[in-house]
Amino acid sequence: MRVISQRYPDIRIEGENYLPQPIYRHIASFLSIFKLVLIGLIIVGKDPFGFFGMQAPSIWQWGQENKVYACMMVFFLSNMIENQCMSTGAFEITLNDVPVWSKLESGHLPSMQQLVQILDNEMKLHVHMDSIPHHRS
């Protein structure tokens, strides 16, 4: 970004999060709560399957014998899925409120050379449009 700031000192660069679709936000929220409840059940040693009249699966029994590993596994796997749900991969560039690049549409990030070329073209276009006389009818 320093290259852009040096080449265009008057340009303002801002960043913000691009929110994922609501269904993915809800899944991430549910997983966050479920993770804490599951870790709590592992630590306390309470068998949730008995409450439903089911026999505990072997992975639950392994978790009870290896509480530290089980809690770490639940924590890290859940965080990985939550992060995947919340990540959009968006990288959108606008210049004077006009979209000039979208990673969501193109599927990839622009190289620094592409980014400079895009900004050069947009700046030239704006200078050209500003120099055209406006006629009133």
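Author: A helix here is a DSSP run of H or I with at least four residues, and helices are numbered from the N terminus. By that count, Lys-35 has its place in helix 2. Please keep in mind as we talk that this is a predicted model.

Reader: Thanks! What makes up the protein, counted in helices and strands?

Author: The protein has 7 helices and 2 strands. Starting at the N terminus, the elements run α-α-α-α-α-β-β-α-α. Of the 137 residues in the protein, 22% are buried.

Reader: Why does Lys-35 count as buried?

Author: Buried means under 20% relative accessible area. Lys-35 has a relative accessibility of 7%, so Lys-35 counts as buried.

Reader: Which residues does Lys-35 touch, not counting those up to four places away in sequence?

Author: Lys-35 touches Val-74, Phe-75, Ser-78, Asn-79 and Glu-82.

Reader: How do you know how helix 2 and helix 5 are oriented to each other?

Author: In general, two packed helices are described by the angle between their axes and the distance between the axes. Helix 2 (residues 22-44) and helix 5 (residues 67-86) pack at an angle of about 175 degrees, and their axes are 9 Å apart. Angles over 145 degrees count as roughly antiparallel. Helix 2 and helix 5 are therefore roughly antiparallel to each other. Sorted by class, the contact has 16 nonpolar, 3 polar and 4 charged residues.

Reader: At what angle do helix 4 and helix 5 pack?

Author: Helix 4 (residues 58-65) and helix 5 pack at an angle of about 120 degrees, with axes 5 Å apart. Trp-62, Gly-63, Gln-64 and Glu-65 of helix 4 meet Lys-67, Tyr-69, Ala-70 and Met-73 of helix 5. By class, that contact has 4 nonpolar, 2 polar and 2 charged residues.

Reader: Why is Leu-41 called partly exposed?

Author: Partly exposed is what lies between buried, under 20%, and exposed, over 50%. Leu-41 has a relative accessibility of 22%, so Leu-41 counts as partly exposed. Leu-41 is found in helix 2. Leaving aside neighbours within four places in sequence, Leu-41 is in contact with Lys-46, Pro-48, Trp-60 and Gln-64. The C-alpha atoms of Leu-41 and Gln-64 are separated by 9.5 Å, and these residues are 23 residues apart along the chain.

Reader: And why is Ser-87 called partly exposed?

Author: The cut-off for exposed is over 50%. With a relative accessible area of 49%, Ser-87 is therefore partly exposed. Ser-87 is found in the loop between helix 5 and strand 1.

Reader: What makes the largest nonpolar core a core, and which residues are in it?

Author: The largest one has 10 residues: Ile-4, Tyr-8, Ile-93, Leu-95, Val-100, Trp-101, Leu-115, Val-116, Ile-118 and Leu-119. Strand 1 (92-95), strand 2 (98-102) and helix 7 (112-131) each give two or more residues to this core. Helix 7 gives the most, with 4 residues. A second, separate core has 7 residues, including Ile-42, Ala-56, Trp-60 and Ala-70.

Reader: Which residues does UniProt list as "transmembrane region"?

Author: An unreviewed UniProt entry lists residues 23-44 under that name. In the model, this span is 100% helix and 0% strand, and its end C-alpha atoms lie 31 Å apart.

How values were computed
Residues numbered from 1 in each chain as written. Predicted model: local features only at pLDDT ≥ 70, side-chain atom pairs only at ≥ 80, totals over all residues. Heavy atoms only, no water. Core = buried A, V, L, I, M, F, W, Y, C linked by side-chain atoms within 4.5 Å. Buried < 20%, exposed > 50% of the residue type's maximum accessible area, 1.4 Å probe, protein only. Axes fitted to C-alpha atoms, helices over the stretch in contact; angles between N-to-C directions. Parallel < 35°, antiparallel > 145°, perpendicular 65-115°, else oblique. Nonpolar A, V, L, I, M, F, W, Y, C, P; charged D, E, K, R; others polar. Contact = heavy atoms within 4.5 Å. UniProt positions renumbered as here; feature names shortened; annotations may be inferred.
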